[in-house]
Amino acid sequence: MKRAVGSWMLFAFGLFLTVSAWAGELRLEPEVIAPGEVALARWMAGGPTAGELRFNDKLIPLAPGEEGGRALLGLDLNAAPGDYPVFLRRTGGTEQKVGTLKVTAKKRPEEHLTLPKAYVSPQEPAVLERIERESRLLQKIFAVRSEETLPTKFILPVGDPMGSPFGLRRILNGKPRSPHAGVDFRSPRGTTVGAGAAGRVVFTGDLYYCGLTAIVDHGDGLYSIYCHLEHLGCAPNQQVAAGTPLGRVGSSGRSTGPHLHWGIKLRGDRVDPISLVRLLDGKKS
Ligand code: ZN
């Protein structure tokens with residue numbers, strides 16, 4: 001009899017532990033996004049929480065903080081609208097649904113452009129081989145999810161007005177091309193380009209489409225890309241802070257005039273840099 005009471009108490013205590021282990025609340029900011037946008041997930045548990053979120057078939061480590069943990073969620077420009085569940089996963093693999101991120105369709109503007117034919121559809125084998133080689137190199141860079149801490153603040157790389165927005169559907173010489181995977185700024189040639197956030201430079205070089213390019217790793221699969229520069233002022237492995245000069249605006253690569261093309265990759269997804277700035281501008285963790 002004594003033994004039965006003991007195991008019942010043990011069971012009740014186990015139940016208490018199970019419930020308390022999951023005590024917390026997920027806050028999503030914002031609660032609704034469009035494909036190609038980001039949201040901040042905060043797990044509020046009253047104390048640092050180790051674990052990860054599972055979202056859109058990706059495991060995302062929580063950055064522990066005093067209130068619990070936080071993570072940046074995002075979806076590719078081409079993601080389907082709908083309800084995306086968010087799961088909290090503990091060490092050992094047990095998980096529980098803790099929230100839902102709503103994703104609604106967004107109508108993107110359209111632009112018709114006429115460019116020299118050789119630029120629109122390169123045919124030369126050497127050029128095609130170069131494009132293919134650079135595409136593989138970029139995929140390899142963006143596939144790395146380093147453990148550097150996710151930034152709590154993201155700022156604009158230049159102070160100039162925006163030209164082509166993110167997601168712009170471009171029709172080149174009458175044919176639809178892939179949508180604009182970044183934002184363009186109408187900066188004069190020579191304008192200093194600053195890093196959007198703290199991180200580590202992981203690539204500098206000359207790419208066929210992007211021209212002179214710098215790429216910064218901000219941790220856990222978050223990268224910022226700066227294209228068409230006329231001068232590079234940073235080097236691979238250099239640690240940068242938000243605003244550290246990376247180079248100067250130019251018109252290198254496939255470009256019709258001086259401007260800065262700024263792109264963001266989040267765990268392989270193309271996301272809107274402006275949505276990231278809006279979410280993290282001046283915010284503390
Ligand atoms: Zn662009």
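Strand 16 (residues 211-217) and strand 17 (residues 222-232) pair in the antiparallel sense over five bridges, where strands count as paired if DSSP finds at least two bridges between them, and where strands (E, at least two residues) and helices (H or I, at least four) are DSSP runs numbered from the N terminus. This is a predicted model, in which local features need pLDDT of at least 70 and side-chain atom pairs count only at pLDDT 80 or more, while totals for chains, interfaces and linings use all residues. Residues are numbered from 1 along each chain as its sequence is written, and side-chain values use heavy atoms, with hydrogens and water left out.

Strands 16 and 17 form a hairpin with four residues between them, and G219 in this turn has a positive phi of about 100 degrees. The pairings of strand 17 are set out here.

| Partner of strand 17 | Sense and bridges | Example pair |
|---|---|---|
| Strand 19 (residues 245-249) | antiparallel, three bridges | L232 and G247 |

Eight of the 11 residues of strand 17 are buried, buried meaning under 20% relative accessible area, exposed over 50% and partly exposed in between, with a 1.4 Å probe and protein chains only.

In helix 3, the buried residues are V127, I131, E134, I141 and F142. Seen down the axis of helix 3, these buried residues fall within an arc of 90 degrees, taken from the directions from the axis to the C-beta atoms, so they line one face of the helix. The face turned away from that buried side carries the exposed residues P125, A126, Q139, K140 and A143.
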